Amino acid sequence: MLHDPTDPHPPPEPTRSRAGAAKAVAAALPVLASCSGPQSTFTAAGSESESILHLFYVMLAGASVIWLFVIGLSLYAVRSTPARDSARIGVRLIVWGGCVFPTVVLALLLYWGLEKMPGYRRPADGPRIAVSGERFWWRVAYDVEGEPGIVKSLPTGGVESANEIWIPVGRRTEILLGSPDVIHSFWVPALAGKTDMIPGRVNRIVLEPLVAGVYNGVCAEFCGDAHAQMGLRVVAVPEAEYAAHVAAMAEPAAVVSGRGVDAFLGNGCAACHTVRGTPAAGSVGPDLTHVASRLTLGAGLLENNRENLTAFIRATDHVKPGVQMPAFGMLPDDDIAVIANWLGELR
Amino acid sequence: MSATHDGRDAEELRKGQEERLNKVWETPKGWRYWSVVNNTEVGIWYTATSFAFMLFAGVLGLLARVQLAVPENDFLTASFYNQVYTLHGTVMMFLFAVPIFEAVAIVILPQMLGARDLPFPRLSAFGYWCFLIGGVFVSGSIFFGAAPEGGWFMYPPLTTQERFTPGYGPDIWLLGLSFIEVASIAAAVELIVGTLKCRPPGMRLNLMPLYAWYVLVVAGMILFAFPPLIAGDILFELERLFNWPFFDPERGGDPMLWQHLFWIFGHPEVYIVFLPAIALVAMIIPTFAQRPLIGYSWIVLAAVGTGFLSFGLWVHHMYATGLPSISLGFFSAASEAVAIPTGVQVFVFIATLLAGRVVNSVPMLFVSGALAVFVIGGLTGVMVALAPFDWQAHDTYFIVAHLHYVLIGGMLFPVVAGVYYYWPLVGSRRLSDRLGKIAFWLMLIGFNVAFFPMHLSGLMGMPRRVWTYPTGLGLDLPNLISTVGAFIFAAGILIIVFDILRPKGNQPYAERNTWNAGTLEWLSEVPGKSWGVRCVPIIKTRYPLWEQPGFMEDYDKGRFYLADAEELQRETMVTSVLDGEPVQCLRVPGPTFMTMIAAILLGAVFIFATFHWWEATLVAMVLTTISILVWLWRGTSLIPEKAEKDVGLGLSLPLYKSGPQSVGWWAMFITMVGDGTAFLSLVFGYFFFFTIHEDFPPTGAPTPGLLWPLVSLALTAGAWAAAWAALKTNKAGNVAVARVLMAGGTGLALAGGAALVWAPYGAGLDPVSHVYPATVWVLVIWTVAHAAVGALMLAYCLARSFAGRLTPVYDIDIENVALYWHFMAATGLITVAAIGLSPLAA
């Protein structure tokens with residue numbers, strides 16, 4: 001598993017590993033095992049993704065055997081000279097090969113596959129986090145309460161953040177999914193399957209990471225020009241660390257006055273962004289109160305450092321074509337540097 | 001002495017017959033060539049055009065592959081890439097995969113049924129021109145950077161709201177494709193009637209070539225699958241053009257309705273593409289196994305079963321939308337079940353190969369490649385049919401791999417096999433074995449190199465529809481391999497194109513029935529004749545060329561029906577639906593420019609509407625109506641010079657039939673079934689909102705009330721009764737009474753329409769404010785438009801009656817209009833029940 005070098009919280013050793021079974025199968029398939037990574041379903045670091053990977057390996061084995069059989073039989077059929085009662089054999093082949101065999105195999109597969117579903121939908125026992133997919137980033141709110149209303153859509157309140165979700169390892173965290181604009185789809189391949197974020201509706205998904213680490217999430221439903229660059233990070237940590245992180249996110253910004261704040265407010269950034277502790281309270285774009293503590297910039301796109309911050313402010317649409325934020329290249333370099341420096345301090 | 005004399009006489013007679021047939025079926029020369037409506041010409045245009053669209057979409061696919069060859073590439077911009085992938089999918093599905101079925105069927109179906117042409121050649125030609133104009137319009141948009149970029153599935157609200165998708169892209173997609181759907185449905189009607197009514201005498205349903213069975217199944221599927229999409233298009237375009245909020249949750253709409261309507265179309269679509277290709281395989285395999293297919297009834301049942309099941313699977317495209325587990329379970333089961341009839345079809349082929357002595361050939365090579373590739377796609381299909389695995393695979397490159405394995409293995413390879421197999425019928429020469437083999441291996445290897453790695457890149461986290469991807473995730477290598485494979489595959493396609501286009505003048509003609517096949521299309525002389533068939537044969541077996549002794553000689557000597565064209569009219573035979581008993585000698589119309597003119601005018605309606613040129617749209621609509629009326633007036637329900645004619649072998653058949661035995665009645669019936677399906681899809685939309693909202697209509701909102709809807713219903717019922725009574729009185733000879741009824745019916749229909757419009761208008765329902773008034777208005781507009789068409793039809797009958805073209809005996813017009821009115825009455829009843837009664841239930 002890749003680990004992001006900028007992560008301020010290096011993941012501890014796995015707290016418990018139920019991923020053993022999947023790993024054993026994967027070991028038998030070295031090609032597939034080498035396909036793991038922070039965005040891969042082969043990493044199988046969640047209870048759901050692990051179970052689905054197992055399902056896939058079994059189906060893959062079955063499919064390979066069936067394919068070899070069908071192709072072998074066809075080759076034989078093309079080359080062989082017909083037997084005397086070949087027509088009768090042919091009808092039997094149709095009945096057994098075309099009807100009986102698939103019916104039995106598919107019934108078994110269906111039973112086995114569907115039987116797993118209630119497990120995936122077991123109730124959550126961890127925190128409840130609201131995530132709203134917006135063109136082209138993710139609004140995150142920790143510890144929301146109450147039943148969600150119809151969107152604009154998700155419950156209000158909670159501790160707001162963006163493009164990065166921390167969750168506790170070994171707990172089942174419920175994520176409420178919505179969207180105020182178009183349909184997006186929330187997918188963290190290493191942890192679980194995807195669920196759509198649909199305007200006017202609230203969907204739910206439960207993430208249960210088994211191994212601590214940083215996992216990539218992506219938008220899996222085409223949502224416009226910057227769809228390809230709408231990513232997020234899921235950081236799975238032990239429960240205590242999770243609590244500390246949410247508490248830290250609830251704090252106001254670390255630096256709330258100075259040239260940076262003035263330039264930020266003076267150039268209109270506050271129309272869209274919130275920095276708690278300052279007068280900036282815009283709600284169109286991501287909350288920047290703790291922007292420097294995040295792993296990435298531009299929704300999973302760039303490593304979070306001063307240089308990239310500057311580039312993102314100056315040439316936003318070049319870095320991320322289709323992005324909704326206008327580029328601020330017309331500002332004096334000095335202003336951009338001051339703003340970037342200040343944002344870089346908001347840990 | 002008399003024997004040789006008789007022989008010479010017979011020879012003379014035959015020469016005369018052939019001359020007359022040649023003259024009647026002659027293809028016009030010069031610029032008038034484009035007025036041709038003959039299936040042999042139109043079918044070839046259709047096939048060539050859809051292949052051209054395939055090559056265009058293939059180039060788009062290559063552009064996408066170049067962009068994705070390396071991570072963080074900037075060969076294409078995000079916006080252009082999105083246009084490229086949207087058009088690639090759209091053109092491949094709507095302008096190649098479906099039309100190629102209709103095109104090939106138009107070419108070979110009549111020959112296979114021993115018919116001179118399909119029953120409505122002008123309808124085929126009209127469909128072709130619609131297809132060409134609409135296709136060029138949609139494809140051409142990319143050269144102006146104005147192509148749609150919302151994906152071939154066009155999910156709202158991304159595509160419906162101006163703030164997310166400015167410009168004309170989605171309008172071009174919707175209106176351009178709606179126009180092409182008209183062509184698809186026209187062809188479906190034509191093919192269903194052709195299969196049911198134009199078979200040769202003796203060819204009962206269970207003796208039909210398998211290809212005809214598949215045509216019947218697939219055309220039936222088009223009839224039920226395309227209308228929901230048309231209904232969806234109507235809602236979509238009303239939202240985009242006039243801000244009616246069908247998919248806008250803020251005003252009660254729901255984006256999920258589009259997904260349901262789209263996939264109720266979209267999933268059967270996959271089988272609409274796949275089954276006709278399997279039908280080609282079902283013709284090719286017996287020929288090269290040199291024996292009849294084993295399991296005829298099994299494969300027919302499997303095809304019909306696939307057709308039915310395919311309408312119960314659409315939700316598997318929506319597993320990630322947050323549905324309850326019970327729906328997921330049901331649709332997983334249904335999706336797995338469709339693998340069973342598919343398995344039957346594959347095993348029927350294997351069984352036939354096993355029981356036959358297989359002759360190697362290029363078509364067989366492509367068939368075996370198809371099998372190997374398609375089975376992989378089928379097996380991954382079984383995987384993604386299971387909801388939990390689909391949650392991971394959905395909308396990733398795993399699905400891209402799966403769908404290409406299914407479509408290229410299940411459709412493109414068989415179609416290429418079909419091209420190599422049937423080319424001698426079209427081009428009189430065989431295509432090259434050597435080039436065919438080279439092309440096959442390039443395609444097979446290139447395809448697998450391109451698409452197999454996509455299974456991996458998808459599961460490694462690469463979503464679909466991304467114009468770029470970051471490095472460092474392990475996606476670089478599989479993507480580079482895919483791009484290389486795509487170009488190898490394209491090289492194979494190019495070789496086939498070269499093989500088809502290269503001049504073959506110095507190559508000898510293929511022998512007649514060059515593959516020694518057993519079915520009727522191989523009766524065709526080399527080079528082919530424009531009359532289609534020399535005479536209409538009597539069929540007693542499934543493979544008459546193998547199983548009916550002396551068949552080809554009898555055929556060549558004109559010893560069956562309709563060996564002559566004494567009156568110099570184009571004729572073919574109509575038989576009964578089940579048993580193929582001769583019913584009528586049908587006069588089919590010849591060349592005309594009317595079809596092209598009508599298609600151009602109808603195209604203008606759609607294109608002007610795309611750019612919001614409303615006055616021009618209106619003018620074009622009026623002109624289209626006029627052109628269609630002129631076409632009908634001059635070309636249909638022509639009164640023959642005599643009631644019956646001798647068709648040979650001592651059989652005399654009527655030249656004119658109306659009612660359920662005529663082809664026109666069936667065409668009207670089938671068209672109205674499709675039309676009714678579109679209407680029911682709109683009603684589905686109404687009740688979809690009824691079920692998702694707790695109060696629908698919203699409390700306090702104005703409703704159309706009961707009075708005016710009921711008044712409208714009474715008037716519509718009156719018009720229906722008048723149409724029916726006009727038919728009966730006219731048949732009984734009371735022409736004057738019938739005319740009064742036609743005139744009265746016209747008035748009642750218009751009054752009924754006006755009363756129905758008044759209901760929501762008088763109550764002040766504003767379609768922009770909420771989805772409730774919008775859905776009411778949609779049902780009302782649909783019904784009123786149909787009432788207006790019904791009124792026009794009755795007025796047309798009245799005019800025909802006065803012109804002496806509609807008489808008590810020759811009454812096709814009023815028969816078909818009365819049939820239309822049965823459907824119209826049901827439409828009126830359902831609309832009134834929905835908008836008048838459902839508010840009472842709420």
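Analyst: Here's a walk through one strand of chain A, starting with the chain around it. Keep in mind that this is a predicted model.

Chain A has 10 helices and 12 strands, and 48% of its 347 residues are buried. Where the two meet, 23 residues of domain 1 of chain A are in contact with 17 residues of domain 2 of chain A. Among the elements giving two or more residues to the domain 1 side are strand S9 (213-219) and strand S10 (231-237) of chain A.

Let's zoom in on S9(A). Seven of its seven residues are buried, so S9(A) is largely enclosed by the rest of the structure. In a regular strand, side chains alternate between the two faces of the sheet. Here, Gly213(A), Tyr215(A), Gly217(A) and Cys219(A) point one way, while Val214(A), Asn216(A) and Val218(A) point the other.

Now for the neighbours. S9(A) and S10(A) run antiparallel and are joined by six bridges; in this pairing, Tyr215(A) sits opposite Val234(A) of S10(A). S9(A) also pairs with strand S6 (residues 184-187) of chain A, again in the antiparallel sense, over two bridges. There, Phe186(A) stands opposite Cys219(A).

So much for the local picture. Across chain A, residues 24 or more positions apart account for 66% of the contacts with a separation of 6 or more.

Notes:
Residues are numbered from 1 along each chain as its sequence is written. Chains are lettered from A and ligands numbered from 1 in the order in which they are written. This is a predicted model: local features need pLDDT of at least 70, side-chain atom pairs count only at pLDDT 80 or more; totals for chains, interfaces and linings use all residues. Two residues are in contact if their C-beta atoms, placed from the backbone, lie within 7 Å. Helices (H or I, at least four residues) and strands (E, at least two) are DSSP runs, numbered from the N terminus. A residue is buried if 20 or more other C-beta atoms lie within 10 Å of its own, exposed if 12 or fewer, and partly exposed in between; C-beta atoms are placed from the backbone. Two strands pair if DSSP finds at least two bridges between them.
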